[in-house]
Amino acid sequence: MPSEFIIGSEKQILNQVRKLPANAAWQWCYFGINMGRKERLREKLTSARRYHYAPELYELSRSLKQPFLDWMTRVNSQHQNDLKWWAMRFASKSPFQTNFFLLVCYFNLVDSWLAGQAPPERQLLMIVVEDPYLHRLLAERSSKYDSRRVQVKASVCRILRAGVYYWAKSLLVPFTFLSRQLRATLKNQYVKIKFRDRLHLLRKLHKEVIINTFIEERSFRENGFHDYYMGQLAEYYEGNGKKVAISSQTNLAVALKKKALISGINFCLTDLYLKTADWLRVLFKRPSVQVTKDARIFKGVDYTLLFVREFNREKSSLSFSFNLCEYYAYRNYFADNKQIKLFVYLFENQPWEKMTIMALRAANPHCKCAGYQHSTVPIMLMNYFLGAGEYQYIPLPDYIITNGNYNEKIMAAAGYKSTKILNGGSLRYAKKTDEKNHIRKRKSGETLKVLVLLTFSLPYSLEIIYGVKNMFYPESNCRYYVRPHPNLFNGKIEKAIQEIDNMEIIQSGSMDEVLAEMDIVVYSTTTAALEALYKGLSVYKVATELIDLDLLDDLNIKKHYNSDKYLPESRMPYFCYDSQVELSFNYIIGEPVRKDTWLALLQN
């Protein structure tokens, strides 16, 4: 009886393929986030033989969501007031910060196949496992199954190499951090000297409200400063007689600091409050990695190997140290400004937020803290959701202000029992009018314009780019326009774009202007897809083999999976959403601002 599954690394699987007879019936699939490697493997093993498991992963991940959250509550409960724990990306559960949930889903999906839940028509499936820790975990698990059905090409050397790699990186972290902080200190000294008078006035300002927002290059494209995230919130409070100041991330680039100070806004440079003694203290801190053995078990499986992987990543990354710097900078800032009555920030439940909240509680516990839920909340964006009782252990704001009734209901059911959930309306997205009649009218024979929307995650963005290549190919009458996320554009994305004919980058113009010129929109997870659907464009979603973070799925909009009616030559699984749908954009994300909700936060 031939094997039904062969599991191994890329190299091991390629060696196995070479040994197969020419007439063998087999397929392959790839479990990992290195999309460039996956694409190269597709070229070697062909698209025709690739097994796409995206629909299965979609269903499995949703079924595991709440049990996983409850499991993480058990883990987090051991670190209630542990500053070093909450500074870790792992504790956030965000799919954009850690792949822990993704790897758990990968393991459970493969395990279900090995247990006999795979489609019966599949004779042989070659499973390429990118991560050595997941590979080892599957090797240990495979002993449960018939060795005639399952072969795991395990390698002890592979996981040892990964351990040595992370260990070597961790040795460099203190030196890299020290170097960066020394440079940052010198740059901050330059800012202090150049803007001495301006900074002196800002220090003397009697601030009552601090609004923490993301400051980017585009914040200064127009005259003065424009807050793309908090909108006119500062003006609302100032119009009510309150003194307001704007703050941002502590590692803000010097060029942006200069623009902020020149713009005339009341700007708080919180990293100027980071003392040398503080970052020297951070230099010698390491992530808190103690988790009891019982807490490492989920659904009868010991995930110690994946915990080791996550803790190795934390120890070999600078993010932990920078998050701690956020804590010390804000603790000093709040200690020097005890008159502050309200601190408002952009709520995503990320590590840096927890550092800021813990700093506020330590230095100015009487100050109210409000997190503004500024974007959409996909059901599978794990950082927004808590396990049973997790609210008792995790640093949280006093209020979570949502951008509309739809998200208010989601957040109210997300486990935040100790936090007041209020609807403050949309500060970020203006109310939309009916613009469906503004769609471009494509003439017969005219080039099909395809807008490719990227997200701020590199794996998701590359999966979309390579997905487009295989969805529309060999359609020659297409022109692809890639819209990068403003917070992510690097060499890997640029290189992937250059590999595809008729693809160009489009960064200028508002989203409304860009959508008006397009025929089709392709995406994976982005709020802009909701805008496109609202305008009546044809919207295609690449069926990624990652955690599905698509908002449109949560709205129960009719969609078609892999229909030849739409893309008969597609070699990539996709969904097409029905553009003939009555969708209230304003209800989802564009409700009018409720000033009374915001002003009431300052009332006793």
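Helices (H or I, at least four residues) and strands (E, at least two) are taken as DSSP runs and numbered from the N terminus. The structure is a predicted model, in which local features need pLDDT of at least 70 and side-chain atom pairs count only at pLDDT 80 or more, whereas totals for chains, interfaces and linings use all residues. Residues are numbered from 1 along each chain as its sequence is written, and side-chain values use heavy atoms, with hydrogens and water left out.

Under this assignment, L546 is found in the loop between β18 (538-542) and α20 (551-554). The residue is buried, with a relative accessible area of 4%, where buried means under 20% relative accessible area, exposed over 50% and partly exposed in between (1.4 Å probe, protein chains only). When its neighbours within four places in sequence are left aside, L546 is in contact (heavy atoms within 4.5 Å) with G32, I33, M35, L57, L102, Y106, P459 and Y460. L546 and F90, which are 456 residues apart in sequence, lie 17 Å apart in space, C-alpha to C-alpha.

Four strands form an open sheet in the order β2-β3-β1-β4, with parallel pairing. Its edge strands are β2 (27-31) and β4 (150-152), each of which pairs on one side only. Neighbouring strands of this sheet are turned by 15 degrees against each other on average, direction ignored, with axes being lines fitted to C-alpha atoms, for helices over the stretch in contact, and angles running from 0 to 180 degrees between N-to-C directions. Strand β1 (residues 5-8) pairs with β4 in the parallel sense over three bridges, and I7 stands opposite V152 in β4. Helix α2 packs on the sheet, touching β2 and β3 (125-129), and its direction makes about 170 degrees with that of β2. Within strand β4 is found V150, which is buried, with a relative accessible area of 6%. Not counting residues up to four places away in sequence, V150 touches F5, L114, S142 and Y145, while its C-alpha atom is separated by 7.9 Å from that of I7, 143 residues apart along the chain.

The other open sheet consists of seven strands in the order β7-β6-β5-β10-β11-β12-β13, and its pairing is parallel. Strands β7 (267-268) and β13 (420-423) stand at the edges with a single partner strand each, so one side of each is left without a neighbour in the sheet. Strand β11 (residues 368-372) is joined by three bridges to strand β12 (residues 399-402), the two running parallel, and A370 stands opposite Y399 in β12. Helix α14 (residues 351-363) packs on the sheet and touches β5 (209-212), β10 (342-346) and β11; its direction makes about 175 degrees with that of β10.

Grid points are joined across faces, edges and corners, and a volume is the space filled by probe spheres set on the points. The structure holds seven cavities of 30 Å³ or more, and the largest cavity has a volume of about 60 Å³. This largest cavity is lined by 10 residues, of which K38, E39, R50, E463 and Y466 lie nearest its centre, and α2 (35-45) and α16 (458-472) each supply at least two residues of the lining.

The second largest pocket has a volume of about 550 Å³ and is lined by 25 residues, of which R180, Q181, A184, T185 and N188 lie nearest its centre. To this lining α7 gives the most, with nine residues.

Terms used
On a 1 Å grid over the protein atoms alone, a cavity is a set of points where a 1.4 Å probe fits but cannot get out, and a pocket is an open set with protein on both sides within 12 Å along at least five of seven lines; lining residues have an atom within 4 Å of a point. Two strands pair if DSSP finds at least two bridges between them.
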